[in-house]
Amino acid sequence: AGVTDRLLETHLARVLFAAQREARSGVLTVDEGSTTTRIHILDGEVVYVDRGPLAETLGRLLLRQGQIDREEYLLILETMARPSNRDEVLRFGEVAIQLGMLTPNELHDALALQVEHKLERCLQLDQGFWHFDANRDPTISRFPVKLERALRSSLREDPRSSRWGGLLLLKSRYLLALVEPLDAIASRFEITPQELRFLRALNGHPVVDALASDLLEPADVGVLLVALLLAGAMELLDPSTRRSTRSEV
């Protein structure tokens, strides 16, 4: 159990969902040791993420997407070589537009995807130190991220994603209890029809029944249930103190 077992209570996602519920604004600084990430939050919504060398990260994202080639990437960096106090990532995008390599809309879409990817990587942390500064204004650069989608993607793409099923197995006797109406959960988390059938069938049942269900692939069960638990949309109830669930299904 150990660290992995405690993740359901200590995961960074819980901090972000608490900020979402309370509509908080400020900057959440996450210290990973070698990397510092700053998550900018406005009225509970993640609107920007600073992580790593910005211009280089954006350039590599554009390369991976095939929106620029390597020669164009190097030309942009060469054009940016002159020192400037301006935001590097915005300078990279502006130069790409000036050189005719991107349109403003393409740049906006790339920046929004970059912010989401940075948040997903940060959500894969098992350990780290973070603090929330409510007195610090979020950046004026805003590319809102849907936290529920980013969390599901981060759990799914985590190289150790198979461990989520093992974590839940430690809670096998506990009962799954949806805290929100099922239609609200379906909308928030972009639930598929198959996942909807799974949640409707397993709500109120022991975790072990969900893990043994053939309605979803085992890896998908772990990711879905952990995402709902971290978001506070689902609870695990001790059967010895069982109470009725609060969801409307």
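Q: Is Tyr73 buried or exposed?
A: In this predicted model, local features need pLDDT of at least 70 and side-chain atom pairs pLDDT 80 or more, while totals for chains, interfaces and linings use all residues. Numbering runs from 1 along each chain as its sequence is written, and side-chain values use heavy atoms, without hydrogens or water. The relative accessibility of Tyr73 is 6%, and the cut-off for buried is under 20% (exposed is over 50%, partly exposed in between, with a 1.4 Å probe and protein chains only). Tyr73 therefore counts as buried.

Q: How many aromatic pairs does the structure hold?
A: Rings of Phe, Tyr and Trp (its six-membered ring) pair if their centres lie within 6.5 Å; planes under 30 degrees apart are stacked, over 60 edge-to-face, the rest tilted. The number of such pairs in the structure is 2.

Q: What is the geometry of the pair formed by Tyr48 and Phe143?
A: The ring centres of Tyr48 and Phe143 are 6.3 Å apart. Their planes make an angle of 35°, and the pair is tilted.

Q: How many residues apart in sequence are the parts that Tyr48 and Phe143 tie together?
A: Tyr48 lies in strand β3 (residues 45–51), and Phe143 in the loop between β4 (129–133) and α7 (147–157). Helices (H or I, at least four residues) and strands (E, at least two) are DSSP runs numbered from the N terminus. The Tyr48–Phe143 pair therefore ties together parts whose separation in sequence, in residues, is 95.

Q: What is the relative accessibility of Tyr48, and what is that of Phe143?
A: Tyr48 counts as buried because its relative accessibility is 3%. Phe143 also counts as buried, at a relative accessibility of 8%.

Q: Which helices do Tyr73 and Phe92 tie together?
A: The ring centres of Tyr73 and Phe92 are 6.2 Å apart and their planes are at 50°, so the pair is tilted. The two residues lie in parts that are 19 residues apart in sequence. Tyr73 is in residues 70–79 and Phe92 in residues 88–98, so the pair ties together helices α4 and α5.

Q: Which ring does the charged end of Arg163 sit over?
A: A charge sits over a ring if NZ of Lys or CZ of Arg is within 6 Å of the ring centre and within 35 degrees of the ring normal. The charged end of Arg163 is 4.5 Å from the centre of the ring of Trp164.

Q: Which strands are the edge strands of the open sheet?
A: The sheet has 4 strands in the order β3-β2-β1-β4, with antiparallel pairing. Two strands pair if DSSP finds at least two bridges between them. Pairing on one side only marks the edge strands, β3 and β4.
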